[in-house]
Amino acid sequence: MAEEFDIIIVGSGAGGGTLAHTLARTGKRILILERGGFLPAEPGSRDRPQGTQGNSCDKYQDRYLSQETWYDAHGRPFQPDTHYFVGGATKVYGAALCRLRPMDFARIEHIDGMSPAWPFSYSDFESWYDRAEWLYQVHGQHGEDPTEGSWSQEYRWPPVTHEPLAQQLADELTLAGYQPFHTPTGVLLDESRADADVVAVRPLLNLLNVTLLVGAEVTRLQTDARGRSVTGVVVNHAGTREVYRADIVVLAAGAVNSARILLSSACDSHSGGLANGSGQVGRNLMCHNQSDVIAVVRELAGAGFQQTLGVNDFYLGGRQARWPLGSIQLLGDQQEARQEARQEARQEVTSDHVRPAIVPRQRDPRQRDPRHGAGRAVGFRLTTEDLPRPANRVSVDGQGRLRLTHVPTGDAAARLLYRSLRAMLSGTRMIAHEILGRPGKPPAAHSADYAGTCRLGADPATSVLDLNCQAHELDNLYVVDASFFPSVGAVSPALTVMANAIRVGEHLAARLGCRPSQSQSQSQSQSQSTQLRRQALRAAGATG
Ligand SMILES: Cc1cc2nc3c(=O)[nH]c(=O)nc-3n(C[C@H](O)[C@H](O)[C@H](O)COP(=O)(O)OP(=O)(O)OC[C@H]3O[C@@H](n4cnc5c(N)ncnc54)[C@H](O)[C@@H]3O)c2cc1C
């Protein structure tokens, strides 16, 4: 017999986990369907937030990569850098939890074209940022970053202290007239990262109205005959087909997988895919244009938590250009990553999958610059906005295979940002040395930041979701992962996904006639949910 719920949430990451947390105390019966299991608790898997390459955190990212196969624009297979767990990508993220800048919500001209405006402004959204920062225990300091918007409250937790190396760099940059800032970071008291599993989902597992089913991959949605409502959520649960029903269905499977589910749910009334009358489902895929730059510093900077420093002086162009360039983030110790990159570079690769390097690799600066005799490698991540382009898309072929077509934008801006970094470091003890290559896969395969495949907007002809993230064409379908972004800016997106999920959660609570803070009912009618939850937890071997 099919199970009945008030709300089904597909995916338990930044969007889905945060939404579940927001709605849990309404007392409504909530089913979370998550294709992954719990990330095993073992050394390294709950490390402090660090850079995303060449540290212990990174090894766990690789070990827990999904074994899925996706296909590029030419139909060639590749393994994407995706992680399916309770908590989604936040289980491996760097926990840099930044707000978009106010100008990211506006229409803004880039070298490669226009970044479209959002249908609401930063100030309309600000209070949701504040709520998300509270939930994810963001440690930060307002007033340092020249590009940040206004804030209604100070951060509740002070910024994470710079390691000596980062502090030295901050001092040198400040002297040179730059405005380095402490990167806002979601970090718990035990210094592990604040992820959606630990912060949002686990606290719900002893609530009788919340059921988490792991190992449950949603494959398609069923609708009524007119195609106006979702009537069933079809799940592959450990090889068995099951169907779940709820008054409201929310997709939060991530920007690629939510689009895939909608496109795979084509039916007579939605022949091009569910909610896809506009033809926009899967389109406007944005991945951020990111490159990791190795710099060499003479002092032996110990491996440590160095992802504490950011620089946004070039976010809107600044000294080098009149166009927006992007953000710079100090990453962790990169000694190991540098060696791995060199090994990789020696391997033969197919030329189509090698991103043109921003600059040619240079000779080791230790050979040409005596100041760097006993150098240590540290990393910077440069992030430039990837503009939404209809041709950049997720699609599903006749055999149900997922295809990613993505030509990045922002290469010219990324080159200028790299030049800006070099100029900036010239006044310090660091020297920008080389860009880490990632050969062998299309660039989008490595993306940490998929967004934009079901964008929100007021016009059903050009957007998939309305301003509450409800599908224009269905009365009970919502999407709350990173799919909704009309543009993605050049800062990490997770905080915006979380803030938006809280926003949509409050809308849904109101729609269901309750307030999110209302105490949960514990009626006997929830025994089915309890049973399912126990099964799920037993199957996953999860601990509190
Ligand atoms: C290595 C790495 C580092 C990152 N660092 C940062 C950072 O420092 N700061 C930042 O802001 N962002 C960072 N990000 C990006 C950030 O984690 C994502 O932007 C964010 O998690 C996206 O939220 P989401 O809800 O869209 O997707 P996710 O958080 O990935 O959640 C999607 C969930 O849906 C599940 N799912 C997928 N398909 C199905 C299906 N068919 N059925 C059921 N469940 C399904 C997945 O298992 C997952 O739990 C990083 C990402 C990575 C990979």
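Here are some questions and answers on how the terms apply to this predicted model.

User: What do I need to know about the model and its numbering?
Analyst: The model is predicted: local features need pLDDT of at least 70, side-chain atom pairs count only at pLDDT 80 or more, and totals for chains, interfaces and linings use all residues. Residues are numbered from 1 along each chain as its sequence is written, and side-chain values use heavy atoms, with hydrogens and water left out.

User: Why is tryptophan 118 called buried?
Analyst: Buried means under 20% relative accessible area, exposed over 50%, partly exposed in between (1.4 Å probe, protein chains only). Tryptophan 118 has 6% relative accessibility, so it counts as buried. Phenylalanine 120 is at 12%, so it is buried too.

User: What makes tryptophan 118 and phenylalanine 120 an aromatic pair, and why is it edge-to-face?
Analyst: Rings of Phe, Tyr and Trp (its six-membered ring) pair if their centres lie within 6.5 Å. Planes under 30 degrees apart count as stacked, over 60 as edge-to-face and the rest as tilted. Here the centres are 5.9 Å apart and the planes make 70 degrees, so the pair is edge-to-face.

User: How do you know that arginine 35 sits over the ring of tyrosine 84?
Analyst: The rule asks for NZ of Lys or CZ of Arg within 6 Å of the ring centre and within 35 degrees of the ring normal. The charged end of arginine 35 is 3.9 Å from the centre of the tyrosine 84 ring, and it sits over that ring. Arginine 401 lies over the face of tyrosine 71, at 4.4 Å from the ring centre.
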